[in-house]
Amino acid sequence: MDEFYNLIDFYDRVAMHERVPKRYVRDMQNPIDYYSDKEFKNRFRFSKTSVIEYLMPLIFNEIEAVTTMRGLPVPQLIKLLAVLRFYGTGNIQLVSGDLVGISQPSISRCVKHISQVILKSFKKFIKFPSNPQEQRQNQLLFYNIAGFVGVDGTVDCTHIPIQSPGGDQAENFRNRKGIFSINVQIVSGPKCEILDIVARWPGSVHDSRIFSNSNVNMMYEQKQLPGCLLGDGGYPQLQYLFTPIRNPQAIAEERYNKAHIATRNTVERLNGILKRRFGCLSKKLATKLSTTLLIISACAVLHNIAIFRCEELPQNLEEDFDYNQIVQQEYNGPPNLYGNIIRSEFIIRHFQ
């Protein structure tokens, strides 16, 4: 019994020195207060500061509360957070669970509405450098990667999976891997920012066709940009679009290919970052086709805002995108002899 009482006395002394953690009652209806900073960023891909001080003022004047005779409108902050949560997961049911009190139809309407509002700032955030000083700085950053001279950007296409849109044209969206998708062309800057994006072509369309019909191609044809782009073997060699040499023979050609691959890696990284940050782009989007195109472009704008705001990817964000879905294409069109001459002279001048 003495040992028993001594044991009780020991636990009493320990309990006296233990601090009972304080319990806080958090309002789940307000994610800003309910989630910690880390939990908030994991769910909404932006910090609380960026959402409150930047995103909300950016679109606040564009969002109009819809008042009806059937209940209260969704608060503007909750509407924005619901859409950010959908962008991050692609799961409307999960959004409904995180933000209690919002129905699935309401979230679907919010996604379309907020995406339209975000795209009003498209030209503000997605653009090539406009003045010569910014253009030279951009080319210098690319040069510092692997010594490739005069690069304005790197171009590539990535496939965004979607559900079959149905109708007579549905098979046009099936790519070479047998997956329904949107083939999205992206031009990357040296910091993995998006300089241009084209999100409207079905998955069966070849990369070179998308480029030949793009605004970027027209800008280079009209001499509006000073340098060149780097693309993979799916593009033709042009005087302003440099592609790798398939079978390098000389040492200079091998040096050229090595520098080309290292520099063009920026757009490959960008595609991965974009799909990890916004998980809806790596899953089959089940929205209407018109809404799907809005979502892709809106995520591109938000990506550049995240770069501008120095928002890092959440550390525990798993990379669930299947890179086996990447469709590698080869250019099978007629060779551009003038473009090949330009490339040969460029290799002799810079890599000999």
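Trainee: Which residue in S2 stands opposite Val155?

Mentor: This is a predicted model, in which local features need pLDDT of at least 70, side-chain atom pairs count only at pLDDT 80 or more, and totals for chains, interfaces and linings use all residues. Residues are numbered from 1 along each chain as its sequence is written, and side-chain values use heavy atoms, with hydrogens and water left out. Strands (E, at least two residues) and helices (H or I, at least four) are DSSP runs numbered from the N terminus. S1 and strand S2 (residues 181-188) run antiparallel and are joined by 8 bridges, two strands being paired if DSSP finds at least two bridges between them; the residue opposite Val155 is Val187.

Trainee: Which residue in S4 stands opposite Thr154?

Mentor: Strand S4 (residues 228-230) runs parallel to S1, and 3 bridges join them. Within S4, the residue opposite Thr154 is Leu230.

Trainee: How many residues of strand S1 are buried?

Mentor: Buried means under 20% relative accessible area, exposed over 50%, and partly exposed in between, with a 1.4 Å probe and protein chains only. Strand S1 covers residues 151-161 and is largely enclosed by the rest of the structure, because the number of its residues that are buried is 11 of the 11.

Trainee: How many salt bridges are counted?

Mentor: A salt bridge requires a side-chain nitrogen of Lys or Arg within 4 Å of a carboxyl oxygen of Asp or Glu. One of them joins the side chains of Glu171 and Arg174, with N to O at 2.8 Å. Glu171 is partly exposed at 47% relative accessibility, and Arg174 is partly exposed at 31%. By this rule the count is 4.

Trainee: What is the N to O distance between Lys48 and Asp37?

Mentor: Lys48 is buried, with a relative accessible area of 16%, whereas Asp37 is exposed at 56%. Their side chains meet in a salt bridge, with an N to O distance of 3.5 Å.

Trainee: How many residues apart are Lys48 and Asp37?

Mentor: Lys48 lies in helix H4 (residues 48-60) and Asp37 in helix H3 (residues 37-44). The pair links distant parts of the chain, the separation being 11 residues.

Trainee: Which residue forms a salt bridge with Lys41?

Mentor: The closest N and O atoms of this pair are 3.1 Å apart. The pair links distant parts of the chain, 270 residues apart, with Lys41 in helix H3 and its partner in the loop between helix H13 (289-308) and helix H14 (337-351). That partner is buried, with a relative accessible area of 7%; the residue is Glu311.

Trainee: Which elements are included in what covers the buried residues of H3?

Mentor: The buried residues of H3 are Phe40, Asn42 and Phe44. Contact means heavy atoms within 4.5 Å. The cover over these residues includes helix H2 (31-34), H4 and helix H5 (76-89).

Trainee: Is Cys310 buried or exposed?

Mentor: Cys310 is in the loop between H13 and H14. Its phi is near 55 degrees, a positive value in a residue other than glycine. At 66% relative accessibility, Cys310 counts as exposed.

Trainee: With which side chain does the side chain of Thr292 make a polar contact?

Mentor: Thr292 is in helix H13 and counts as buried at 1% relative accessibility. Leaving aside neighbours within four places in sequence, Thr292 is in contact with Ile162, Leu285 and Thr287. A polar contact is a pair of N or O atoms within 3.5 Å; within protein, one must be able to donate a hydrogen and the other to accept it, and residues adjacent in sequence count only if both atoms are side-chain atoms. At 2.7 Å, the partner side chain is that of Thr287.
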